[in-house]
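Please look over the structure shown here before reading on. The report is meant for a reader who has not seen it before.

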Amino acid sequence: MHKALVILHKEWLELRGERTLLMTVIVPPLLLTILPIVALYLIGSTPDEDTSQPGAVIADPSFAGLSAPEVGQALMGKQFGLMFLIMPLLVPATIASYSIVGEKMRRTLEPLLAAPVRTWELLLGKCLASLIPSLIITWGAAAVFVLALRLIVLSDRVYQVILGGGWWILLLLGSPSLALIMVAATVAISGRVNDPRTAQQVSAVVVVPLLALFIAQLLGVVVLTPLLALIASTALAFLAILAFAGAILLFERENILTRWAS
């Protein structure tokens, strides 16, 4: 475990020197935080009287009793809230891909692979280097969203509908698992490609289920209740463990060292 922490420290030192990478990590979450706040403010200022028609309003009992303007803001607020579940996938994918492929390009990976460090310690250190910043950014952005929402919602009911128990459970319990799944997938793929962008594009497949959730919630097929969120978080935790174990098995350390060193 000590060696994994040493690798984590090394990764963070290198990350601080990559200004372009830092901008790539910070700018998308910043936009995904500001745009929903601005959009919800505009929706509250110029409500659409027809927004009570989507299936989500009929399927979700929390919308009961809301006026048409409140429904419009609450409906879009619940959809925008899912963006904060995408952040734990976007941020670590960028860091993790450069963690492997970037080191190969800088010719610093070979000494690390040859060092007396177990594969699981090596990958744990690299995964934590991507996981921790992604959670800080995700939860920090969500905190800004929650505070700003209090200032722009039309009523307390709208605030409660947007920030339901299911959203909080997925944000706090599901985000770490989502981030770890993405990191593990990116690390495993990065060991087989020579371009960090390729690793990011392939691992982006992990985002597809969340996009499906976005559409399903809007259509009213899925209602994100606390129980459903707890079940989903438990399943994600199990998948995250499997993903990390799979990354260790797929990370062909000796072959990578031989192929890239030649």
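## The model

This is a predicted model.

## Salt bridge

A search of the whole structure turns up one salt bridge. In this salt bridge the side chain of R150 meets that of D156, at 2.7 Å from N to O.

R150 has a relative accessibility of 42%. Because this value lies between the limits of 20% for buried and 50% for exposed, R150 counts as partly exposed.

## Largest pocket

The largest pocket has a volume of about 270 Å³. Its lining is made up of 13 residues, and the closest to its centre are L178, P209, L210, L213 and L236. Three elements, α9 (165–190), α11 (208–219) and α12 (226–250), each give two or more residues to this lining.

By class, the lining of the largest pocket has 13 nonpolar residues, with no polar and no charged ones.

## Second largest pocket

For the second largest pocket, the volume is about 190 Å³. It is lined by 16 residues; D60, K78, V161, G164 and L224 are the closest to its centre. The elements that give two or more residues to this lining are α8 (156–162) and α9.

The lining of the second largest pocket divides into seven nonpolar, seven polar and two charged residues.

Technical notes: Residues are numbered from 1 along each chain as its sequence is written. This is a predicted model: local features need pLDDT of at least 70, side-chain atom pairs count only at pLDDT 80 or more; totals for chains, interfaces and linings use all residues. Side-chain values use heavy atoms; hydrogens and water are left out. A salt bridge is a side-chain nitrogen of Lys or Arg within 4 Å of a carboxyl oxygen of Asp or Glu. Buried means under 20% relative accessible area, exposed over 50%, partly exposed in between (1.4 Å probe, protein chains only). On a 1 Å grid over the protein atoms alone, a cavity is a set of points where a 1.4 Å probe fits but cannot get out, and a pocket is an open set with protein on both sides within 12 Å along at least five of seven lines; lining residues have an atom within 4 Å of a point. Grid points are joined across faces, edges and corners, and a volume is the space filled by probe spheres set on the points. Helices (H or I, at least four residues) and strands (E, at least two) are DSSP runs, numbered from the N terminus. Ala, Val, Leu, Ile, Met, Phe, Trp, Tyr, Cys and Pro count as nonpolar, Asp, Glu, Lys and Arg as charged, and the others, Gly among them, as polar.
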